[in-house]
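Visitor: I would like to learn how to read a structure like this one. Where do we start?
Guide: Let us take one feature at a time.

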Amino acid sequence: MGKILVTGGLGYIGSHTVVELQNAGFEVVIIDNLSNSSLEVIDGIVNISKQKPLFEKLDLRNKSEVSTFFQKYQDIEGIIHFAASKAVGESVENPLLYYENNLNTLIYLLQECNKNEINNFIFSSSCTVYGEPDSLPINESAPVKKATSPYGNTKQISEEIIFDTCSVSNLKSIALRYFNPIGAHESCEIGELPLGVPQNLVPFITQTAAGLREQLSVFGDDYPTPDGSCIRDYIHVVDLAKAHVVALQRLLNDKGESNFEIFNIGTGRGSSVLEVVNAFEKVTEQKLNYKIVDRRPGDVISVYADTKKANEVLGWKSEKTMEDSLLSSWNWEKKVRNI
Ligand code: NAD
Ligand code: WQD
């Protein structure tokens with residue numbers, strides 16, 4: 001069996017996926033440029049799975065270095081492509097950075113797939129491609145709406161680039177549309193470590209509880225939802241990581257119904273911001289300092305996954321609860337801050 005290349009494998013979702021791949025018996029080589037991660041993540045991975053993944057520090061925007069990588073590693077059997085820039089607000093301020101990092105890297109990898117007959121490719125997509133859904137829960141055949149940020153647009157364009165490439169080559173690909181990944185590995189060896197002020201809800205909650213942030217702002221309580229706050233589908237990162245292993249096995253065993261497939265990866269349950277806050281307080285016994293503020297521009301009101309296709313076709317189902325996720329996030333935060 002050949003190696004599996006995991007790009008962005010030292011990042012949040014990538015590191016959890018490397019662990020699950022190694023646990024499932026795959027030999028992994030990671031490419032990461034450490035722009036949003038650190039080398040210590042490798043130690044965390046080794047402490048959990050007792051195996052050291054191969055690692056190449058490389059910027060995927062460098063086409064010739066990407067080419068040299070594939071000359072060195074001639075036995076890559078599949079690629080899971082996580083490496084990307086992911087901050088929605090930053091993408092609005094610096095769109096070219098996002099188009100360059102999220103599209104060039106994909107194109108260079110796909111060119112190498114064609115050149116080297118690597119035919120199994122998994123792509124990190126996002127529920128952001130759906131925009132504000134017309135009906136809920138949202139399934140994979142719902143229309144892709146005009147992106148509200150350059151980041152979201154890169155995910156839409158990437159899916160199209162992959163689709164077009166699959167149409168004219170032997171490439172088989174699965175795009176996984178993640179909903180809102182949260183949580184950390186239960187060992188507390190790896191987790192999410194955002195640089196600077198967190199943009200996402202759960203890291204902001206845990207940093208507030210840890211005393212790094214004074215107060216959580218809840219962005220709006222006047223939405224047309226039962227408690228007025230926005231609704232999302234929060235999925236445990238370990239469940240999400242496992243979906244990649246199942247998707248990879250589907251590609252390697254040639255089980256796909258077409259050479260480009262898309263699956264929603266969520267829990268199928270929608271939770272409001274206030275429900276998340278209350279669940280966090282309950283499960284961690286921490287009182288959270290929060291206040292209701294204005295809506296955040298660009299937020300959709302409510303989005304959660306129809307997971308039927310992932311459950312029935314992919315054979316994957318989320319297992320962990322919101323409480324599991326929030327407790328693991330809190331345990332990770334405590335470990336990182338020595339609390
Ligand atoms: P992350 O930032 O933690 O991980 C991405 C990793 O890629 C980082 O380690 C970074 O250093 C690396 N990287 C970035 N650009 C690179 C380049 N040019 N060359 C080499 N390495 C590079 O992000 P994450 O949360 O683990 O997200 C992984 C993927 O999932 C991304 O494609 C992201 O867009 C997608 N996604 C994330 C979420 C989320 O909420 N976290 C939701 C939906 C989709
Ligand atoms: C969740 C809810 C906020 C912070 C983003 C990207 C999406 C995907 C996942 C990559 C919303 C509210 C948040 C805070 C709050 N990433 N909130 N106070 O916006 O659903 O999705 O990350 O693909 O593309 O857009 O996630 O965690 O930022 O917000 O009240 O300090 O929490 O308004 O309702 P979001 P999030």
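Visitor: Where is the place of P137?
Guide: One caution before that: this is a predicted model. P137 sits in the loop between β5 (120-126) and α6 (150-167).

Visitor: What is the peptide bond from L136 to P137, cis or trans?
Guide: It is cis. Omega for the bond from L136 to P137 is near -10°.

Visitor: Which loop holds K50?
Guide: K50 lies in the loop between α2 and β3 (54-57). Look at its backbone too. K50 is not a glycine, yet its phi is positive, about 60°.

Visitor: Now the helices. How are two packed helices described?
Guide: By two things: the angle between their axes and the distance between the axes.

Visitor: Which residues of α1 and α2 meet?
Guide: From α1 come S15, V18, V19, Q22 and N23. From α2 come V41, I45, I48 and S49. By class, this contact of α1 with α2 has five nonpolar and four polar residues, and no charged ones.

Visitor: How do α5 and α6 cross, right-handed or left-handed?
Guide: Take the angle and distance before that. The axes of α5 and α6 come within 9 Å and cross at roughly 15°. That makes α5 roughly parallel to α6. As for your question, α5 passes α6 in a right-handed crossing.

Visitor: Which residues make the contact?
Guide: On the α5 side, they include P95, Y98, Y99, L103 and L106. On the α6 side, they include P150, Y151, I157, I161 and I162. The residues of the contact of α5 with α6 divide into 12 nonpolar, six polar and no charged.

Visitor: At roughly what angle do the axes of helix α3 and helix α5 cross?
Guide: Helix α3 (residues 63-72) and helix α5 (residues 95-116) cross at roughly 35°. Their axes come within 10 Å. The crossing of α3 and α5 is right-handed. The contact is made by K63, V66, S67 and F70 of α3 with Y108, L109, Q111, E112, K115 and N116 of α5. Sort the contact of α3 with α5 by class and you get four nonpolar, three polar and three charged residues.

Visitor: On to the ligands. How many residues surround ligand 1?
Guide: There are 28 residues around ligand 1. The closest are D32, N36, S37, N101 and Y151.

Visitor: Which polar side-chain atom lies 3.0 Å from a nitrogen atom of ligand 1?
Guide: One in D59. The backbone takes part as well: a polar backbone atom of N33 is 3.1 Å from a nitrogen atom of ligand 1. Now look at an oxygen atom of ligand 1. An N or O atom in the side chain of K155 is 2.9 Å from it.

Visitor: Which residues come nearest to ligand 2?
Guide: Ligand 2 has 19 residues around it, and Y151, L201, S217, R232 and D299 come nearest. Three of these names deserve a look in turn. A polar side-chain atom of Y151 is 2.5 Å from an oxygen atom of ligand 2. For L201, a polar backbone atom is 2.8 Å from an oxygen atom of ligand 2. For S217, a backbone N or O atom lies 2.7 Å from a nitrogen atom of ligand 2.

Notes: Residues numbered from 1 in each chain as written. Chains lettered and ligands numbered in written order. Predicted model: local features only at pLDDT ≥ 70, side-chain atom pairs only at ≥ 80, totals over all residues. Heavy atoms only, no water. Contact = heavy atoms within 4.5 Å. Helix = DSSP H or I, 4+ residues; strand = E, 2+ residues; numbered from the N terminus. Nonpolar A, V, L, I, M, F, W, Y, C, P; charged D, E, K, R; others polar. Near = heavy atom within 4 Å. Polar contact = N/O pair within 3.5 Å; in protein donor to acceptor, adjacent residues only side chain to side chain. Axes fitted to C-alpha atoms, helices over the stretch in contact; angles between N-to-C directions. Left-handed = near helix turned anticlockwise from the far one by under 90°. Parallel < 35°, antiparallel > 145°, perpendicular 65-115°, else oblique.
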